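The sequence and the coordinates are shown below, and the description follows.

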Amino acid sequence: MIIILFGPPGAGKGTQAQRIEKSRGLVQLSTGDMLRAAVAAKTHYGVKAKGKMDAGQLVSDDIVIGIIADRIKEDDCKNGFILDGFPRNVAQAEALDVMLAEEGVKLDTVVQMQVDDAALVDRVSGRYTCAKCNEGYHDTNLKPAVDGVCDNCGSTEFKRRDDDNAETVTKRLAEYYAQTAPVLPYYADKGILQQVDGMVAVDEVAAQIDAVLAA
Ligand code: AP5
């Protein structure tokens, strides 16, 4: 199964992708995580991407399309994958169709996560992740069971993203409406777009996504 989790910054794409990865054995492919790894490693692509990411703008299509085209050829994608943060514009959506056709597979479902703008800034500015396994948490909405200890791997080290501040989130949101939301009609026309309410609790969003994927 190949699915896209689609929504603005802070909609909960990464949170739900991690759940689906565990429940269905699909691999999470987050272009944001891949780009942050490239930035941290100071690769050629990472150096080019950093300025755009810090400014809340999209990284160039050739970089992200190249990253995804290479990644989906890897063995762990053979049973299916979850795209989280890709595609971000119509050109990327069209490129995805081409690369999936080359692999002889097809996109099953695009799940649009609907969240009010006002909630997004709070979600993103309160977000942190485990420095070891990348499990996601939030200062108030989603804390580890034991304070300061990752539920998933037991690590006591956590990190926050450079672009998770109110000013940059506002720019990322503007970029979402200008470039990414126009992708929705592309998938609606193909009859594979489904909506879930992303404003409810994490478990309830997961249940809605399960129902969509089971249909
Ligand atoms: P990326 O890393 O993709 O960030 P994003 O799309 O802005 O999305 P986020 O990761 O911020 O949010 P999310 O929806 O995953 O929310 P999460 O689950 O963490 O992109 C970063 C940058 O990389 C871009 O700005 C761009 O520069 C570049 N980039 C990436 N992909 C690109 C592409 N394809 N093309 C070009 N450039 C690209 O949840 C957020 C918080 O809310 C968490 O703390 C979580 O615990 C909490 N939360 C989640 N669900 C709920 C809930 N139901 N109720 C309450 N709290 C919740």
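## A histidine in strand 6

H138 is found in strand 6. Helices (H or I, at least four residues) and strands (E, at least two) are DSSP runs, numbered from the N terminus. The model is a predicted one, in which local features need pLDDT of at least 70 and side-chain atom pairs count only at pLDDT 80 or more, whereas totals for chains, interfaces and linings use all residues. Residues are numbered from 1 along each chain as its sequence is written, and side-chain values use heavy atoms, with hydrogens and water left out.

Is H138 buried or exposed? H138 is buried, with a relative accessible area of 7%; buried means under 20% relative accessible area, exposed over 50%, and partly exposed in between (1.4 Å probe, protein chains only). The side chain of H138 reaches two backbone atoms: the oxygen of R123 at 3.4 Å and the nitrogen of T140 at 3.1 Å. Each is a polar contact, that is, a pair of N or O atoms within 3.5 Å; within protein, one must be able to donate a hydrogen and the other to accept it, and residues adjacent in sequence count only if both atoms are side-chain atoms. Leaving aside residues up to four places away in sequence, H138 touches D122, R123, G126, R127, Y128 and K143, where contact means heavy atoms within 4.5 Å.

N165 belongs to the loop between strand 7 (158-159) and helix 7 (166-180), and at 29% relative accessibility it counts as partly exposed.

## The ligand and its surroundings

The ligand is surrounded by 35 residues, and the closest are T15, Q57, R127, R172 and V200. A residue is near a molecule or strand if one of its heavy atoms lies within 4 Å of it.

| Residue | Atom of the residue | Atom of the ligand | Distance |
|---|---|---|---|
| G10 | backbone N or O | oxygen | 2.8 Å |
| T15 | polar side-chain atom | oxygen | 2.6 Å |
| V200 | polar backbone atom | nitrogen | 2.7 Å |

Taken alone, the ligand exposes 1,000 Å², and the protein buries 95% of that. Accessible areas come from the Shrake-Rupley method with a 1.4 Å probe; for residues, only the protein chains shown count as cover. Two or more residues of the shell around the ligand come from each of helix 1 (13-24), helix 2 (31-40), strand 6 (136-138) and helix 9 (202-214). Helix 2 gives the most, with 4 residues.

Helix 9 has 13 residues and spans 18 Å from its first C-alpha to its last, close to the 18 Å expected at 1.5 Å a residue. The expected span of a helix is 1.5 Å times one less than its number of residues. Buried in helix 9 are V205, A206, I209, V212 and L213. Seen down the axis of helix 9, these residues fall within an arc of 120°, so they line one face of the helix; the arc is that of the directions from the helix axis to the C-beta atoms. They pack against strand 1, helix 1, strand 4 (109-114) and strand 8 (193-197). The face turned away from the buried side carries the exposed residues D203, A211 and A214.

Helix 5 (residues 90-103) has 14 residues and reaches 20 Å between its first and last C-alpha, close to the expected 20 Å. Its buried residues are Q92, A93, A95, L96, M99 and L100. Viewed down the axis of helix 5, they fall within an arc of 160°, so they line one face of the helix. Their packing partners are strand 1 (2-6), helix 4 (61-71), strand 3 (81-84) and helix 8 (184-190). On the face turned away from the buried side, helix 5 carries the exposed residues A101 and E102. N89 caps the N-terminal end of helix 5, with a side-chain oxygen 3.3 Å from the backbone nitrogen of A91. Just after helix 5, G104 takes a positive phi of about 75°.

## Backbone features in the loops

Most residues other than glycine have a negative phi, and most peptide bonds are trans. A cis peptide bond joins F86 and P87, with omega at about 5°; P87 lies in the loop between strand 3 and helix 5. K42, although not a glycine, has a positive phi of about 55°. K42 sits in the loop between helix 2 and helix 3 (44-54) and is exposed, with a relative accessible area of 68%. N134, also not a glycine, has a positive phi of about 75°. N134 lies in the loop between strand 5 (127-130) and strand 6 and is partly exposed, with a relative accessible area of 25%.
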